[in-house]
Amino acid sequence: MRLRSAALLVAALTSLPLALTAPTAQAAPAAAPYDFNGDGRKDLAIGAPGATVAGKAKAGAVSVVYGSTSGPKTSTRTLLTQDTAGMPGAAEADDAFGSALASADLNTDGYADLLIGTPGEDGSDTNDGTVTIVWGSTTGLSGARSLFSFFSSDYDRYGKSLAAGDFDNDGVTDVAVGSSGPTVLSLVSGPITKTGAHNGGSG
């Protein structure tokens, strides 16, 4: 009886069509702020806006120390300036690169990115200011682009303060940028990607 039942079960199973469903691709979970290499440990970024770079006083720099199981690992220290390869712009006196810092996984690739304010950068006028995004990756911070700027004629010192968060409750990280002048706060709407166009903003 047992043999007959087993034979019937095998026959029933082999008569059914076999279909395998591939697992649905999932986006990488967003990294926690300041986890630039996605290893689950927060890293340390320290702004030094008064630093001299290549003889240029107060050009500014940012020092990054990656985390480890025993805390910040000083042997992995990296120095970022506007003269670092791949960084937009160039180090100039009084740029004050590193005056403000913020971090979020802006492009949700599983690596936190670093926002760096440079309020002394000259643009359309003196001290127009700029913000640089340095992208996280499996090897840490690498590659950069400038954050969108919508109201350059209406402010100075764009990037003197920074914050990242979902300010409009749409599930996407945005960036708030402080400045001086008629416009004191600008909101750059996410998502913010390495090569994509901006998604609007307000001030």
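Colleague: Is leucine 147 buried or exposed?

Modeller: Buried. Keep in mind that this is a predicted model. The relative accessible area of leucine 147 is 4%, and the cut-off for buried is under 20%, so leucine 147 falls on the buried side.

Colleague: Where does leucine 147 sit in the chain?

Modeller: In a loop. That loop runs between strand 7 and strand 8, the latter being 156-165.

Colleague: And which residues is leucine 147 in contact with, leaving aside neighbours within four places in sequence?

Modeller: Val131, Ile133, Tyr158, Val175, Val177, Val188 and Ile192.

Colleague: How many residues has the largest nonpolar core?

Modeller: 17 residues. Leu147 is among those with the most contacts inside it, along with Leu106, Leu115 and Ile192.

Colleague: Which strands each supply at least two residues of this core?

Modeller: Strand 4, strand 6 (130-134), strand 8 and strand 9 (174-180). Strand 4 gives the most, with 3 residues.

Colleague: How many bridges join strand 4 and strand 5?

Modeller: 5 bridges, in the antiparallel sense. Strand 5 covers residues 113-118.

Colleague: What is the strand order in the open sheet?

Modeller: 4-5-6-7, four strands with antiparallel pairing. Strand 4 (100-104) and strand 7 (144-146) stand at the edges. Each has a single partner strand, so one side of each is left without a neighbour in the sheet. On average, neighbouring strands are turned by 20° against each other, direction ignored.

Colleague: Changing topic: how many salt bridges does the count come to?

Modeller: 1 salt bridge. The side chains of aspartate 39 and arginine 41 meet there, at 3.6 Å from N to O.

Colleague: How accessible are aspartate 39 and arginine 41?

Modeller: Aspartate 39 is partly exposed, at 30% relative accessible area. Arginine 41 also counts as partly exposed, at 32%.

Note on methods: Residues numbered from 1 in each chain as written. Predicted model: local features only at pLDDT ≥ 70, side-chain atom pairs only at ≥ 80, totals over all residues. Heavy atoms only, no water. Pairing = 2+ DSSP bridges. Axes fitted to C-alpha atoms, helices over the stretch in contact; angles between N-to-C directions. Buried < 20%, exposed > 50% of the residue type's maximum accessible area, 1.4 Å probe, protein only. Contact = heavy atoms within 4.5 Å. Core = buried A, V, L, I, M, F, W, Y, C linked by side-chain atoms within 4.5 Å. Salt bridge = Lys/Arg side-chain N within 4 Å of Asp/Glu carboxyl O.
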